[in-house]
Each structure stands twice: as structure tokens, then as C-alpha cells.
Amino acid sequence: QVQLLESGGGLVQAGGSLRLTCTVSGGPSRRYFMGWFRQPPGKEREFVAAISQSGGLTYYTDSVTGRFTMSRDSAKEIIAVRMDGLKSSDTAVYYCAAASKIIVPNPKDPAQYDYWGQGTQVTVSS
């Protein structure tokens, strides 16, 4: 079955940068509409960013706009988010998600996604 594997999390000082990647394996060979969600300690999971199958469209929550940048590999089923200017409020477990639907009306809605990774911890120290 389809599996998503995140990597790149870690501990970083405020103002620093991290790059998270998500690799899709299993299932049919195809590109998915994919997103990143995060769950801060003691809080609910929230939308972070998403990218279309072609990579031509990206979406960001207001709090990360201008700091986070989504991208995807030109050939491989890998997406990445470059996180710059990290803040303590960015501390969370970050989850990669993929939607099996071709059309994703609301990328911010977690119900649009069918597959989820195990999560990778991002900790930003102040």
C-alpha cells in the first residue's frame, strides 16, 4: 500500500532553517496532491502547506507564508518544504499527507488526504 516517509526534522535555533522531505512508496506509480500538516505540543493538527501534482500550485497557511517554500522532484515521488526563519511557534510534529483524489477542492482540509506519514519532529529553540 501507499506509504509516506518524512525526514529532515530536528532541533534548530530560532531564525534557522530546516528542509523536510517526504517520499511516497508503494501503490501505483503516480504523483499525488500532497500537503504538510503539523501538530504542536498539546494542540490539534493544523495545515501548513500543500503542492499540486504538477508542482505548479502551492498553498500556505498565513503564519508560514514567505518563510516556507514547497517543491517537488521533477521525476521522483518526493516533495520537500524548505523552512526558513523558524520560530518557536513552528515547533511541532510535521506530517506529510497525500490525496488520492485528482481534484482537491480545499487543500487545508485534512479530510482531503488519504495517506499520512509517521511524522517528524521539528523543535525550534529560542
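Which residue stands opposite Leu 4 in β3? In this predicted model, the residue facing Leu 4 is Val 24 of strand β3.

**The open sheet**

Strands β1 and β3 pair in the antiparallel sense, and 5 bridges join them. Strands of a sheet pair through backbone hydrogen bonds, and the pairing can be either parallel or antiparallel. Both β1 and β3 belong to an open sheet of 4 strands, whose order is β1-β3-β8-β7 and whose pairing is antiparallel. At the edges of this sheet stand β1, covering residues 3-7, and β7, covering residues 68-72; each has a single partner strand, so one side of each is left without a neighbour in the sheet. From one strand to the next, the twist averages 15°.

**Aromatic pairs**

A pair of aromatic rings is described by the distance of the centres and the angle of the planes. Searching the whole structure gives 7 aromatic pairs, and two of them are set out in the table below.

| Ring pair | Centre to centre | Angle between planes | Arrangement |
|---|---|---|---|
| Tyr 32 and Tyr 115 | 6.0 Å | 75° | edge-to-face |
| Phe 37 and Phe 47 | 5.6 Å | 75° | edge-to-face |

Tyr 32 lies in the loop between β3 (18-25) and β4 (33-39), while Tyr 115 lies in strand β10 (residues 115-116), so this pair ties together parts that are 83 residues apart in sequence. Tyr 32 is buried, with a relative accessible area of 3%, whereas Tyr 115, with a relative accessible area of 25%, is partly exposed.

The rings of Phe 37 and Phe 47 have their planes at 75°, and because an angle over 60 degrees counts as edge-to-face, the pair is described in that way. Phe 37 is found in strand β4 and Phe 47 in strand β5 (residues 46-51), so the pair ties together parts that are 10 residues apart in sequence. Phe 37 is buried, with a relative accessible area of 1%, and Phe 47 also counts as buried, at 8% relative accessibility.

Key: Residues are numbered from 1 along each chain as its sequence is written. This is a predicted model: local features need pLDDT of at least 70, side-chain atom pairs count only at pLDDT 80 or more; totals for chains, interfaces and linings use all residues. Side-chain values use heavy atoms; hydrogens and water are left out. Rings of Phe, Tyr and Trp (its six-membered ring) pair if their centres lie within 6.5 Å; planes under 30 degrees apart count as stacked, over 60 as edge-to-face and the rest as tilted. Helices (H or I, at least four residues) and strands (E, at least two) are DSSP runs, numbered from the N terminus. Buried means under 20% relative accessible area, exposed over 50%, partly exposed in between (1.4 Å probe, protein chains only). Two strands pair if DSSP finds at least two bridges between them. Axes are lines fitted to C-alpha atoms, for helices over the stretch in contact, and angles run from 0 to 180 degrees between N-to-C directions.
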